[in-house]
Amino acid sequence: MLWAYLHFPHLLLDHIRCSRSGGDEQHEENSEPALVVVDHSAQRVLQACPLAQAQGVQAGTRLKTAINLVPELAIAHADPGREQQILAEQARWLYRHVASIVPYPPDGLLVEVGSLEKLYGGLAALWQTLEQALSERHLNAWMATGTTPLAARLCARAGQGQCTADKGHMERHLHNLPLAAAGFDDRTLTRLQRLGLTRLGEVMNLPPAELARRLTPETLARVQKIQGSRPDPQQPWQPPHHFRQQADFVQDIERAEGLLFPLQRILTELEEDLCWRQQDTDSLLLILTHRHHEPTRLRIRTSGPEHRAEAFLNLIRLRFEQHPLPAPVISLVLSVRRFLGREAVAGNDLLGEIPDLNEAWHTLISRLQARLGSDALQQLSPQPDHRPERAWSASEVQRKARPAIQDLSSLPRRPLWLLNGPQSLPEAPVAWYSGPERISGGWWDGQRVHRDYYIAGLAGGQLAWVFRDVRGGWFVHGWFG
Amino acid sequence: MSNLLNTLMQDARIWQGHRQTLTTQPAEPTGYQVLDNQLGGLGWPRGALSECLLEAPGIGELQLVLPLMQRLSRAGKTVFWLNPPHTPYAPALAREGVDLDQVVMIHTEDSGDLLWTLENCLRSPVTGLVLAWPGKLAARDIRRLQLAAEAGSNVCVLFRSCKLAEQSSPAALRLELDAGEQQDLRINVLKRRGSWPGQRCTLALGHRAGLSANESGRVVQGPWSASAP
């Protein structure tokens, strides 16, 4: 078995930098202030961006010192829960390239690569793929290979990782690792150092029984796990069946246009993810977090299955145009929980015109719904009821498979216009053409209707559908338009 | 003559009084032979706006576009109704053979939304026919819609008040609708591309209420008419 370990030395920093820039690093260097991540009590700097480092801020610097060095310093707070989520986001895209992933919170991912060598045609090719994927996402990672999970992890964290499948090479490397980088607890480390040991190799050469007796059995277990003579089972990670990505901003974003940049990146990620799964979705949930305001929840719906980032972005842009931001935004989360299997294209049109039109239809309806609200668009259908106001219904627009056209000419003659409610007859009709047609019903649901309908001509030449109700009042209910 | 000028002549974009060019602009038959004859044998222009000016609903204005609506909806084209003044009655449309799955009714809140919606509908290849009741429109807006209609080559019929008959409009076809004797629809062509206006015709539309022409005199007189207000 061959393992690789990806250690993200400043994952949170990379994540925030990625969120605030559109991936345009040159641009960012010039306009954005230096950024640091500080610990929970806001005492010390944990991670510093290159710009901050150039001005003398290092990890471990006191925050006060850092602010004195760089007055316009942007500060983000470390949050263990948040880091775990970011790590899961990384595992999600990594899953496209490798099958078995074990997350090591807060900042590492273990990958089993032995079984992938054949697929990629060698470790070097896999390495290159991973490095490319990392640089696309502007992530800094230290990678190392090892024969055991722990060995890979130690080498990677020490920042001396190499891409090699050669056992002797890896072993030599491991033996040369300083003892402090081997991850023993402080007490054991002190005792080992007092014995005069400085390299991990020297500890591994000690007789196991003595090691267990003189130090602790746990120390032996750890050494054996590094060496691979003791099993170290790993629980492989399974990608969750939903998509969730978050972008955090150090500076509040006040204008909706500012959100489109990070959204585009997330949506591209979503598109890749959907393509990779051969799935589509029809609803996105966008949550905007504000500093002093309830989070805004925007549900973006498309009228049909969709996966293209551009289409989603257009809909979101329309939504932003209609609903301006209520308050500045400090972070945004895009999540998708509903996935639809991608259907095979139904139309077997040689020129591919039918599916194209289908798609155009969905695009148009989605656009209209995004701007006008989904209630603004309605589809009409007849309903089996005698009462005219209940003989039709409006429903949300859906693309249906074309049903067989029924012969409806046996239906009674009705006007093309139905008034939203009966209106009292403004004038006495000049001519009566047909009637009465008695419509009586609704005794079963309390909406009783008892009317005599006539077709009448008004003085202006209009043909009206009028009725007389039980009390003898005359009303217009429709126009023969 | 330059290419540009040729196009202007052929599409009858320039009105020439002395010569009536037979235009080759695309069109959809109205379904009424009498009206088609008055419109140069073509019908509703495609890729251009048509205006119907009328005073009040109920004179047969929907009946005028019904044959087209039937044909397009059955061909799988979507028919949009924008801001109709009343509810298009689904049982009646179904009875007339309109495929209701292709009918989408849209209500917008303000005129900005209306124009935006109209433009989007007109530009889309899925649209067959757009019926709109836009209310007040500036000439500039109509011009913009005209361009959108050209981009999509769909039929768009705007129903507007007959008070606007005196005003000029960039629409390619303008019809003034009026109720005639015996439930007829009198049509006065106010404007059409490449020809003189002023053609008049009358369509017998009594069948929309199930009345045949000769029977329209059959009046059901009774005690109820006296009690009508």
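**Exercise 1. Two helices of chain B**

Describe how H5(B) and helix H6 (residues 139-152) of chain B pack, starting from their angle of about 20° and their axes 7 Å apart.

*Solution.* Keep in mind that this is a predicted model.
- Step 1: Take the angle. Angles under 35 degrees count as roughly parallel, so H5(B) and H6(B) are roughly parallel to each other.
- Step 2: Find the residues that meet. H5(B) brings B:Leu115, B:Leu118, B:Glu119, B:Leu122 and B:Arg123, while H6(B) brings B:Asp141, B:Leu145, B:Ala148, B:Ala149, B:Ala151 and B:Gly152.
- Step 3: Sort them by class. The contact of H5(B) with H6(B) has seven nonpolar residues, one polar and three charged.

**Exercise 2. Where the chains touch**

Work out which parts of chain B touch chain A, and which element gives the most.

*Solution.* 
- Step 1: Count both sides. Chain B puts 52 residues into the contact and chain A puts in 54 residues.
- Step 2: List the elements of chain B that give two or more residues: helix H3 (61-74), strand E5 (87-88), helix H4 (90-95), strand E6 (103-106), helix H5 (111-123) and helix H7 (223-227).
- Step 3: Pick the top contributor. With six residues, H4(B) gives the most to this side.
- Step 4: The side of chain B that touches chain A holds 27 nonpolar, 18 polar and seven charged residues.
- Step 5: E5(B) pairs with strand E15 (residues 417-424) of chain A in the antiparallel sense, over two bridges. Here B:Pro88 in E5(B) stands opposite A:Trp417.

**Exercise 3. A glutamate in chain A**

Is A:Glu437 buried, exposed or partly exposed?

*Solution.* 
- Step 1: A:Glu437 is in strand E16 (residues 431-441) of chain A.
- Step 2: Count its surroundings. A buried residue needs 20 or more other C-beta atoms within 10 Å, and an exposed one has 12 or fewer. A:Glu437 has 14 within 10 Å, so this residue is partly exposed.
- Step 3: Check a partner along the chain. A:Asp452 is 15 residues away in sequence, yet the two C-alpha atoms are separated by 5.4 Å.

How values were computed. Residues numbered from 1 in each chain as written. Chains lettered and ligands numbered in written order. Predicted model: local features only at pLDDT ≥ 70, side-chain atom pairs only at ≥ 80, totals over all residues. Helix = DSSP H or I, 4+ residues; strand = E, 2+ residues; numbered from the N terminus. Contact = placed C-beta atoms within 7 Å. Nonpolar A, V, L, I, M, F, W, Y, C, P; charged D, E, K, R; others polar. Pairing = 2+ DSSP bridges. Axes fitted to C-alpha atoms, helices over the stretch in contact; angles between N-to-C directions. Parallel < 35°, antiparallel > 145°, perpendicular 65-115°, else oblique.
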